[in-house]
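Here are my notes on the model you passed along. Have it open while you read, and go through the points in any order.

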Amino acid sequence: MAVLIFLCQRCIQLLALPIFVLSFLGLWDPMCKKVFPYVMNKLARSYNVKLHKEKQQLFSNLKDFAGSSGQLSLLEIGSGTGANFQFYPSGCRVTCTDPNPNFKDFLAKSMAENQHLQFENFVVAPAEDLRLVSDGSVDVVVCTLVLCSVSNVTTVLKEVLRILKPIMFFPLLQGGAFFFMEHVASPRSSWKYFWQQVFDPTWKYLADGCSLTRETWKDLDKANFSEVKLQHINAPLNWTLVRPHIFGYAVK
């Protein structure tokens with residue numbers, strides 16, 4: 001099976017040879033960084049329509065993690081075009097982070113369309129390095145369709161735990177929470193997983209580092225959260241290889 005996967009990968013890479021040549025010449029990544037926000041702006045709207053019910057369910061208890069003031073402080077990792085803003089509760093204080101500064105114009109448009117939120121800052125930073133955010137400073141961290149493309153999921157989750165507020169005993173308040181929705185790998189025994197492995201090397205170039213084969217639920221289980229609640233679903237998306245999803249939240 002491994003040999004067959006290898007041969008199929010080479011065939012796909014041959015079809016995408018111009019992209020690999022541009023990458024070798026150092027031209028593909030800068031071009032991708034500029035074009036990707038326009039692509040995601042369109043895809044995010046479609047994604048929100050198709051998974052509207054799941055996103056409403058995911059974010060339904062955000063307010064439960066508000067601090068003693070009653071106002072929720074939220075940091076979104078990889079905020080992209082701001083597709084999640086419409087699901088956040090009124091009065092929520094939002095900080096956005098993304099490694100790609102070219103999302104800024106799309107983000108500004110979404111901010112203008114969501115006046116029920118208080119936007120604090122836009123930080124250009126990778127999810128693995130949020131040093132500009134203080135320890136224990138936010139009630140909630142949100143991350144949707146991001147862990148598939150980060151360079152190190154474990155490091156990201158460590159940063160999430162660092163910036164989430166700790167549990168408080170007087171007054172008694174639970175620790176902060178990490179809310180997530182991600183496409184993931186199919187069961188390893190499935191043909192879908194076979195094709196995910198075949199397309200994965202080329203897909204990473206096409207989709208700004210996105211991987212089709214990450215078993216992100218395992219990373220969440222290994223992280224030092226006190227509680228993890230997640231669901232596996234088959235999302236109603238056009239391309240079958242990105243249909244396997246998980247969503248839920250993890251408490252510090």
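1. Ground rules. This is a predicted model, so to speak of a local feature takes pLDDT of at least 70 and side-chain atom pairs count only at pLDDT 80 or more, while totals for chains, interfaces and linings use all residues. Residues are numbered from 1 along each chain as its sequence is written, and side-chain values use heavy atoms, with hydrogens and water left out.

2. A nonpolar patch. Leu14, Leu17, Val21, Phe24, Leu25 and Leu27 make up a nonpolar surface patch with about 660 Å² of accessible area together. Members of a patch have over 30% relative accessible area and no salt bridge, and nonpolar side chains (Val, Leu, Ile, Met, Phe, Trp, Tyr) are joined within 5 Å; the areas are Shrake-Rupley values with a 1.4 Å probe. Helix α2 (residues 17-24) gives the largest share, three residues. Helices here are DSSP runs of H or I with at least four residues, strands are runs of E with at least two, and both are numbered from the N terminus. Phe24 sits in α2 and is exposed, at 74% relative accessibility.

3. Helix α5. Which residues of α5 (residues 104-113) are buried? They are Phe106, Leu107 and Ser110, where buried means under 20% relative accessible area, exposed over 50% and partly exposed in between (1.4 Å probe, protein chains only). Looking down the axis of α5, these buried residues fall within an arc of 100°, so they line one face of the helix; the arc is taken over the directions from the helix axis to the C-beta atoms. On the face turned away from the buried side are the exposed residues Lys104, Asp105 and Ala112. The cover over the buried residues includes α3 (28-50), β2 (93-98) and β3 (118-124), with contact meaning heavy atoms within 4.5 Å.

4. Aromatic pairs. The whole structure has 18 of them. Phe65 and Phe179 have ring centres 5.8 Å apart and planes at 80°, so this pair is edge-to-face. Rings of Phe, Tyr and Trp (its six-membered ring) pair if their centres lie within 6.5 Å; planes under 30 degrees apart are stacked, over 60 edge-to-face and the rest tilted. Phe65 is in the loop between α4 (52-58) and β1 (73-77), Phe179 in strand β7 (residues 177-183), and the two are 114 residues apart. Phe65 is buried at 2% relative accessibility, and Phe179 is buried at 0%. Both belong to one aromatic cluster, whose members include Phe59, Phe85 and Tyr249.

5. Asn48. This helix α3 residue is buried, with 7% relative accessible area. Leaving aside residues up to four places away in sequence, Asn48 touches Lys55, Ala83, Gln86 and Phe87.

6. Salt bridges. There are 12 in the whole structure, each a side-chain nitrogen of Lys or Arg within 4 Å of a carboxyl oxygen of Asp or Glu. Lys33 bridges to Asp29 at 3.1 Å, N to O, and to Asp208, with the closest N and O atoms 2.9 Å apart. Lys33 is in α3 and Asp208 in the loop between α7 and α8 (216-222), so this pair ties together parts 175 residues apart in sequence. Shared partners join Asp29, Lys33 and Asp208 into one network.

Note on methods. Patches are made of residues with over 30% relative accessible area and no salt bridge: like charges are joined within 9 Å, nonpolar side chains (Val, Leu, Ile, Met, Phe, Trp, Tyr) within 5 Å.
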